[in-house]
Amino acid sequence: MPKKPAHQNRIEMLQGTLDLLVLQTLRWGPQHGYGIARMIQANSQQALQVETGSLYPALHRLERKKFIAADWEVSENNQRVRVYRLTPAGKKQLAAEQSWFAKFSDAIASMAKPPVGESDR
Amino acid sequence: MRRAWWQFWRREEEFAEEMASHLAMAIQERVARGESIENATAAARREFGNREVVRATTRDMWGWVWLEQIALDFRYAVRKLRLAPGFTAVAALSLAIGIGATVTMYAVVDAADIRALPYPNADRLVAMEEIGTAKVGGGAFREFGSGVSAETFATWHRSTHAFDAMTLVTLRDVFLMQNEENERLSLPEVGAEFFSILGGVPLIGRGIVPSDTNPDAPAVVVLSQRFWMERFRGDRGVIGRPLQLTRTEELTSPRETYTIVGVMPEKIDYPGAAQGWIAARSGPPAGRSDGISHALARLRQGQTLESARAELSAVERGITRANTGPFRATGIRVQSLRARLRAGQPNDPVAMDSVKGRAVRLAVVFFVLLIAVINVGNLLLARSAYRDHEVAVRVALGASRWRLAQQILVEGGCIALLGGSIGVAVAWWGTKFTASIGDLARQGIVPSVDLRVALFAVVLSIAVALGIGFIPMLSLIRAAGDSHRSESPRITVGRTRAGVSGLLLVGQIGAALTLLTGAGLLGRELLRLDARGYDYDPTNMIWVPNGQTFHGQSADVRREFRAEALARLKRIPGVVSVSDLELCGCNGFFPLEDKTKITRFLISAISVSPGFLTNLRIPLRRGRDFTESDFATSAPVAIISSDAAGRFWPDEDPIGKQVVVTPGISFRPDPKPDSAHLTVVGVMGNPNFLGALGSPPLTLIRPMTAAIGMDGYMVRVTPDSAATIAAVRRTFATLRGAPLTRDTYGSAQKMVIDKQLAEQRLTTRALLAFAAVAVLLATLGLHGLVAYSVAQRTREIGIRMALGAESRSVLLLVTRRGLGLAAAGIALGLAGSLVLTGMLRAMLYGTSPTDPVVFAGSAMLLATVVLVASYLPARRATRVDPMIALRVD
C-alpha cells in the first residue's frame, strides 16, 4: 500500500489512513469489528468516527491481502463474533505505513502550520 | 464454478452474521449505559448506516467481482444477440454446421480408428494365418491371406508359448432354410475358447463348451444379439429350439439341425457382422465345402506382436508340407485384431471406409469450421464498428482492458454455446446418417456420440469460443490503447491500426480464396461425375456376378452353360432383358495409324452378348451397333465409349479406326503379338459404372468371345421386387452341376454399382453443399470486413472532401488500397490452395488439382467482392456532406 502520495486521490488516502489505524489497533491484540471501531473512537478521544461502511470493506480488504486474519469466536456475551488479528505480514506493513504516515503528516503539518495537538497527540 | 458460487454464498451469510453481531454489541453497550432497548436499537441502527451499502462495498473486497461481472456480461451479451437476430442466426448456424460436421467426422474416425475394440484385453488379441503370394498381371506379386489348415493350427497350438488361448475360426457357406428359399448366413465355426478369448458372457443361455466340439456331439449354435432381435424378436424362449441349416444353396440339399444354446451380447461381433457362431466339431468336414480359417488368439501377458510373430515363424519353418496346393504358403501374418478387422479396406480416399478417406474428410470439415470461426469473428468485429466509441468512453471511465476483453470473450462464448448446442444435435443426426452409409456398415463401424465424442465437442466449442473472441478482442484492445493516447481516436485511422487491419484483411482474403478453390474443385469434379453419370440407366438392374472363371473347362462347356443361363433368366416373369458380359482390364493401343504417336492406356474391354446397349440403355452416339453376323462370326469390331473417342481421336471421326487390345495389364510399350486388332464401328455413351467395379473408365465393347475375366449377368427387371431377385437366385441354384465349383452367384444383388456411386455422390454432395455455405459465409464476412474498414475512414474522407479533394480521386485512393490488399491476399491464398488441393488430389479423378478455371474464377470473384466492398462505402462517404461526415460517431 505504500504509494506515492502524489498519485493518490482523496478517497484512497483516507482508506490508506484507515488501514493504518486498523493495523495499529490490532497491535494490542485480536479484536472484532465493533471493538476496533470503538477503540479507534476512544483512542482518538471521539475525534475519529469510523463508519461501518468504511470499516468492513477495509477489514475485508486487509484480510484478502493477508495483513490480518479472521476467526469465529464466542464473545463473553455468548455471541458468535468474527475476530481479527494481525499477521506477520501485517506487522511489516504496519511499520512501512507508519514511516510513510510520519512523512506525510510532517509534510501536511509544515504546509498548514496547524495549532499543534488538536488531532494528533 | 459451482464451488465458487457456494463459497460466495457462505461468505455472504457469514458477513450478515458479522454485521448482526456488530449491531447487537452496539445495542448492548447502549443498554448497559442505561438507554431503553428501543432507543438503543434505533441509535445503533442509525450509527451503523445503510446495511445494503455496507454489504455491497464490503463484497467488492472479496475478489468475487469477476463472477458478478461475468453474469452481467452474459446478460448484456444475450440482450445484444437478441437485438440482432439475423446476425445471431447466421453466426450460430454457421458454427453449428461447422461444429456438427467436425464432430460427426470425428465420431467416424473415433469409431473406426481410435475407439478400443469392446473386448477386455483388446490390445492382446491377435489374428493369424498363413500367407502366399500370387502373380497378378504384369509380373507384379500380391500378398494374400491363404488361411490356415486344421493340421497347421494344431501344430501352432502345440508348439507356441506366446499365447494363453487360441482357437480356429472357420468361415464356411451355410444357408438357412426359410420360405422356400435358402438365405446365406454368416455363422463362423469356432472352438470352445472363442468366447473366453473375446471375454464374451452370454446374454442368455450359454456359450460353447469343450464337449460341444467332440466329433459326435450334437450340433449347437450361439446367436448374436442382433440376429436374435431380428429373427426371434428377442424371445427368451429361443434356447433349445432347432435351427435348420444347409451347406449348399440348393433347396434339395440335406439339412442339419442345430440347437440354439445361447445368445451373445451385441459387443461380441467377430469377425464382423456375424449372425451367430457354430461349435466346430473336430474330425473330417464330411460333405462340407472347404472353408477359410484363421486363428484367433490372446497374447500372454508381456508378449508382443513381434515376439509372437518370431515364435510362430520358427514353428512354421519346422512344418513340412506333403501337399502343396495351388497356393503355397510362403509366410505367416500376425495382426492385431483391429488391423484384421480393418484389413481389406480400399485405399481409395473417396471411400469413407478407408483411413485416408476419413482423414481427408476430417481435414476438410475442420477447415470449413476454421473459416466459420474466422468469419463469425469478423462479423463481431464489423459489428463493433460503432462500439469503438463505447470502448473509448469506458476506457476513459477507468475500465481495464482485461475487463473489455472479458466481455468480448463472453459474447463469443454465448455464440459458441448456441452454435455448439445446435452442432451437437447436428452431429447426433450426422452420426446416424453416416452409420447408415453402406461402406461403414459393411465394416462394422458404428459411429455414435459417446462420452469421448461429447468431450471432443465441448473442447471444440471452447476453442471456437476463444477463436471467435480473438480477432475483435485484439482490435478492441488496440482501440482502447488508442483512446489513451488521443482524446478523439477516430479522426483518422492511425498508421499502426490501419496496418494491422490490412494484414488481417490479407489473411482473410487468402483464407477465403483457399476455401473457394477447394470447394470449386470439388464442385467441378462432382459436376463432371454427374454429367457422365447417366449414360446408362441403373434403375431396376440386378448384377449377378458369376464369380467363377470356368477354370480348366473347355470353351464349349462354358458356352453351353452361359447359353442355358441366359435362356432361363429370360423366362423368369419380371425379367425384361438380360445381357451376358465378361469384363477385362486390358492394355489398349491407340491410334495405330501413326506409329510415332502410339499410346498405351488402360481400357475396360467388355465382351457382350447381343442387346447389351439396349439392356443397359446406353445411347449409341455414332456409327452402328453390332449385328447378328458380328456375333455369329465373332467379328473383330468394337464400339468405344465417347470418353475414349474424345481422348484419342479428338478431331477425327473414330469410325473405321483400329484399336489393339491386349488382355491383362502390363507395362509393355507396344502390343503383344497375340493381341486382337479391332475396328471401331461405333461410339456409345460412357458406361462409367465400370469404374466402381474397379475397372478403367475408358471402355470398349466387342462381341462375346472366349475372353477371360470377371463375368456375370446384367439383369433388368420390372418391378424390382424381392420375389424376382429370389427367382433369379433360384434359377442359378438349379443350374448347378454345370461347371461351377463354388456358388458365389448367391450374392445376386440390386446393382451394387449404382449404390456405390449413389453413396459417393451423396457424401460429395453433402461436402459440396457444406462448402457452398462456407463460401457464401466467407464472401459475406469478407465484404463486411472490407466495408467496415472503409466505413472507418468516413471521417477521413469527409476531411479530404472538405479540403477540396475530388470524389473521383478519393474513390481511386480507397479502391486502390482494396486492390492492393486483394492482390496480396490472392497471392497468399494461391499458396494455401496449392497445399489444400494437394490433399484433395486423391479425391479428384477427372479434374486437375490446379484447374485454371477454378483458380482464376475464385480469384476473380474475391477481387470483385473486395472492390465492391471498398467502392460502395467509399462512394457513400464521398456523397455525404463533409460536415456530417466529420460528426459521424
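A: First, a word on what an axis is here: a line fitted to C-alpha atoms, for helices over the stretch in contact, with angles running from 0 to 180 degrees between N-to-C directions. And keep in mind throughout that this is a predicted model.

With that in hand, go to chain B. Helix α24(B) covers residues 794-802 and helix α26(B) covers residues 852-879; their axes come within 9 Å and cross at roughly 45°. Angles under 35 degrees count as roughly parallel and 65 to 115 as roughly perpendicular, with the in-between values called oblique. So α24(B) and α26(B) are oblique to each other. The handedness of this crossing is right-handed.

Which residues do the touching? On the α24(B) side you'll find Thr794(B), Ile797(B) and Met801(B), and they meet Ala874(B), Ala877(B) and Thr878(B) of α26(B). Sorted by class, that contact has 4 nonpolar residues, 2 polar ones and no charged ones.

Helix α3(A), residues 52-64, packs with α3(B) at an angle of about 25°, and the two axes are 8 Å apart. The angle is under the 35-degree limit, so α3(A) counts as roughly parallel to α3(B). Here too the crossing is right-handed. Chain A brings Thr52(A), Gly53(A), Tyr56(A), Pro57(A) and His60(A) to the contact, while α3(B) supplies Val53(B), Val54(B), Thr57(B) and Thr58(B). The class count for α3(A) with α3(B) is 4 nonpolar, 5 polar and no charged residues.

That pair belongs to a wider meeting of the chains. The whole contact takes 18 residues from chain B and 15 residues from chain A. On the chain B side, the elements giving two or more residues are α1(B), residues 2-32, and α3(B), residues 51-59. Of these, α1(B) gives the most, with 8 residues. By class, the chain B side divides into 8 nonpolar, 7 polar and 3 charged residues.

What does chain A look like as a whole? It has 4 helices and 3 strands, and along the sequence they follow the pattern α-β-α-α-β-β-α. Of the 121 residues in chain A, 26% are buried. Take the contacts in chain A between residues at least 6 apart in sequence: 49% of them join residues at least 24 apart.

The strands of chain A form an open sheet of 3 with the order β1-β3-β2 and antiparallel pairing. β1(A), residues 31-32, and β2(A), residues 68-74, stand at the edges, each with a single partner strand, so one side of each is left without a neighbour in the sheet. β2(A) pairs with β3(A), residues 80-86, in the antiparallel sense over 7 bridges. Looking across to β3(A), Asp71(A) stands opposite Val83(A).

Back in chain B, there is strand pairing to follow as well. β3(B), residues 163-171, and β12(B), residues 292-299, pair in the antiparallel sense over 8 bridges. Within that pairing, Ala165(B) has Arg298(B) of β12(B) as its bridge partner. β3(B) is also joined by 2 bridges to β6(B), residues 189-190, and these strands run antiparallel. There, Thr170(B) is partnered by Glu189(B) of β6(B).

Arg298(B) turns up again if you look at Leu125(B). Leu125(B) lies in β1(B), which covers residues 125-136. Leaving aside neighbours within four places in sequence, Leu125(B) is in contact with Tyr119(B), Ile197(B), Arg298(B) and Leu337(B). Ile197(B) is 72 residues from Leu125(B) in sequence, yet their C-alpha atoms are 7.8 Å apart in space.

Why does Leu125(B) count as buried? The cut-off is 20 or more other C-beta atoms within 10 Å, and Leu125(B) has 23, so Leu125(B) is buried.

One last stop, this time in a loop. Asp269(B) sits between β10(B), residues 255-264, and β11(B), residues 276-279. Asp269(B) has 21 other C-beta atoms within 10 Å and is therefore buried. The C-alpha atoms of Asp269(B) and Leu117(B) are separated by 9.8 Å, although the two are 152 residues apart along the chain.

Terms used
Residues are numbered from 1 along each chain as its sequence is written. Chains are lettered from A and ligands numbered from 1 in the order in which they are written. This is a predicted model: local features need pLDDT of at least 70, side-chain atom pairs count only at pLDDT 80 or more; totals for chains, interfaces and linings use all residues. Angles under 35 degrees count as roughly parallel, over 145 as roughly antiparallel, 65 to 115 as roughly perpendicular and the rest as oblique. A crossing is left-handed if the near helix is turned anticlockwise from the far one by less than a right angle, and right-handed if clockwise. Two residues are in contact if their C-beta atoms, placed from the backbone, lie within 7 Å. Ala, Val, Leu, Ile, Met, Phe, Trp, Tyr, Cys and Pro count as nonpolar, Asp, Glu, Lys and Arg as charged, and the others, Gly among them, as polar. Two strands pair if DSSP finds at least two bridges between them. A residue is buried if 20 or more other C-beta atoms lie within 10 Å of its own, exposed if 12 or fewer, and partly exposed in between; C-beta atoms are placed from the backbone.
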